[in-house]
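Thanks for asking me to look this one over. Below are my notes, point by point, for you to follow with the model open beside you.

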Amino acid sequence: MPDSTTQDPKGFVVHTAPVGLADDGREDFTVLASTVPANVSAVFTRSRFVGPSVVLSREAVRDGRARGVVVLARNANVATGAEGERNAREVRDAVARAIGVPEGDLLIASTGVIGRQYPMESVREHLRTLAWPFPEGGFDRAARAIMTTDTRPKEVRLRCGDATLVGIAKGVGMMEPDMATLLTFFATDARLDPAEQDRVFRRVMDRTFNAVSIDTDTSTSDTAALFANGLAGDVDVEEFERVLHEAALTLVKDIAGDGEGATKVIEVRVTGARDDAQAKRVGKTVVNSPLVKTAVHGCDPNWGRVAMAVGKCSDDTDIDQDAVAIRFGETEVYPPRAEGTEADDALREAVAEHLRGDEVVIGVDLGIADGAFTVYGCDLTEGYVRLNSEYTT
């Protein structure tokens, strides 16, 4: 289980500060760096409308080595043209000079409002004060400083042999199909083969952060990265993958539970699919359905919403409603066990009781083959509408 008492990984330092990206004085600027060269694995949004931060970071990770990342929260620096690109490079390059590394050894990430320039006067003023070395640790400060509309910081620490893994994340909305309005960074002092590290990271991301959806909207700024500096020595790769998966899944569930306006986490487990890709597609269709989300929010035992959502996958012609099974928690609601069972009061009450919990598990077995995938999301509430209708005001 996640352990907040676990020490930080060796050789990682953190700097956070307020630089005026918003007007409330909160820390909104973060540098996470390794004091020695590190392997880096990263994945990014597939949006066709990305900002310069994603472009620069894709270049930085190309050789599999990086020293860290600089993060600006509450300003996406997207759709800001040539000036936005110049500003991103200036920030990244200034931080690199301050810590004494080549510019191409740093990633940069931005998240927040689209279409606004950085307030470069206040940003430059802070950049001139950067003093290396930064204090070790501070991941808790970084987790808070990268937040936008998050209501709480998201952080996890786990051990793997003699090594430590720390993960931080932000993200509560605009989360589909690959990651989220999401930033997530993992740091470990484990020593890993670069190619194996990359394979492990991508497998874990596919089963965790690429399995979460809040509102079907795709962010322009998604960035996920793992830095491994090797200072704690070798670890068992299979054990590391298990630990990384546990850490990532912890953050994913925290993100889903903190979805904008959310009150419940929804977990959709699809089994019996033709393959894992079909299972993921069906699961996303269910968890993204506004009718399913609102039924969960209202604790309405209307399991027909799930049947409807599965039926929307019209291109999957091998889905046969007579072979499908649907359950809420441990309660199977379809196929009906006898005439009229679907309207039985006892069955509806069992479903309603499950819906009253903080975590709702919906099971869908397609009865085709052995493909399986689990996706994560949240309910849809009045709070989501209120927050997003007032986002820039």
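1. Glutamate 332 and arginine 327 form a salt bridge, with their closest N and O atoms 3.4 Å apart. The term salt bridge here stands for a side-chain nitrogen of Lys or Arg within 4 Å of a carboxyl oxygen of Asp or Glu. Both partners are partly exposed: glutamate 332 has a relative accessibility of 29%, and arginine 327 one of 30%. For these labels, buried is under 20% relative accessible area, exposed is over 50%, and partly exposed is in between, using a 1.4 Å probe and protein chains only.

2. Before going further, a word on the source: this is a predicted model, in which local features need pLDDT of at least 70 and side-chain atom pairs count only at pLDDT 80 or more, while totals for chains, interfaces and linings use all residues. Residues are numbered from 1 along each chain as its sequence is written, and side-chain values use heavy atoms, with hydrogens and water left out.

3. How many salt bridges are there by this rule? The count is 25. One of them joins aspartate 8 to arginine 157, with 2.7 Å between the closest N and O atoms. This pair ties together distant parts of the chain, 149 residues apart: aspartate 8 sits in the segment before strand E1 (12-17), and arginine 157 belongs to strand E5 (residues 154-160). Aspartate 8 is partly exposed at 23%, whereas arginine 157 is buried at 12%. Helices (H or I, at least four residues) and strands (E, at least two) are DSSP runs, numbered from the N terminus.

4. Arginine 92 lies in helix H2 (residues 81-99). Leaving aside residues up to four places away in sequence, arginine 92 touches Leu56, Val70, Glu103, Gly104, Leu106 and Ile108; contact means heavy atoms within 4.5 Å. Leucine 56 is 36 residues from arginine 92 along the chain, and their C-alpha atoms are separated by 9.0 Å.

5. There is also a salt-bridge network, which links Glu196, Arg199, Arg203 and Glu241.

6. On annotation, an unreviewed UniProt entry gives "binding site" at Thr148, Lys170, Thr181, Glu260, Asn388 and Thr393. UniProt positions follow the numbering used here, feature names are shortened, and annotations may be inferred rather than shown by experiment. Threonine 148 is in the loop between helix H4 (139-145) and E5, and is buried at 12%. Beyond residues up to four places away in sequence, threonine 148 touches Arg26, Arg74, Thr111, Gly112 and Lys170.

7. Now for helix packing. The axes of helix H8 (residues 290-297) and helix H9 (residues 304-311) come within 9 Å and cross at roughly 160 degrees, so H8 and H9 are roughly antiparallel. The residues making this contact are Leu291, Val292 and Ala295 of H8 with Arg305, Val306, Met308 and Ala309 of H9. Helix H7 (residues 276-288) also meets H9, their axes coming within 8 Å and crossing at roughly 135 degrees; H7 is therefore oblique to H9. Here Val282, Thr285 and Val286 of H7 touch Val306, Ala309 and Val310 of H9. Axes are lines fitted to C-alpha atoms, for helices over the stretch in contact, and angles run from 0 to 180 degrees between N-to-C directions. Angles under 35 degrees count as roughly parallel, over 145 as roughly antiparallel, 65 to 115 as roughly perpendicular, and the rest as oblique.

8. Please check the backbone at a few places. Most residues other than glycine have a negative phi, and most peptide bonds are trans. The bond from tryptophan 132 to proline 133 is cis, with omega near 5 degrees, and another cis bond joins tyrosine 334 and proline 335, with omega about 5 degrees. Asparagine 77 has a positive phi near 50 degrees and is buried, at 0%. Cysteine 299, in the loop between H8 and H9, has a positive phi of about 55 degrees and is partly exposed at 22%.

9. For the overall picture, the chain has eleven helices and 13 strands. Buried residues make up 56% of its 393 residues.
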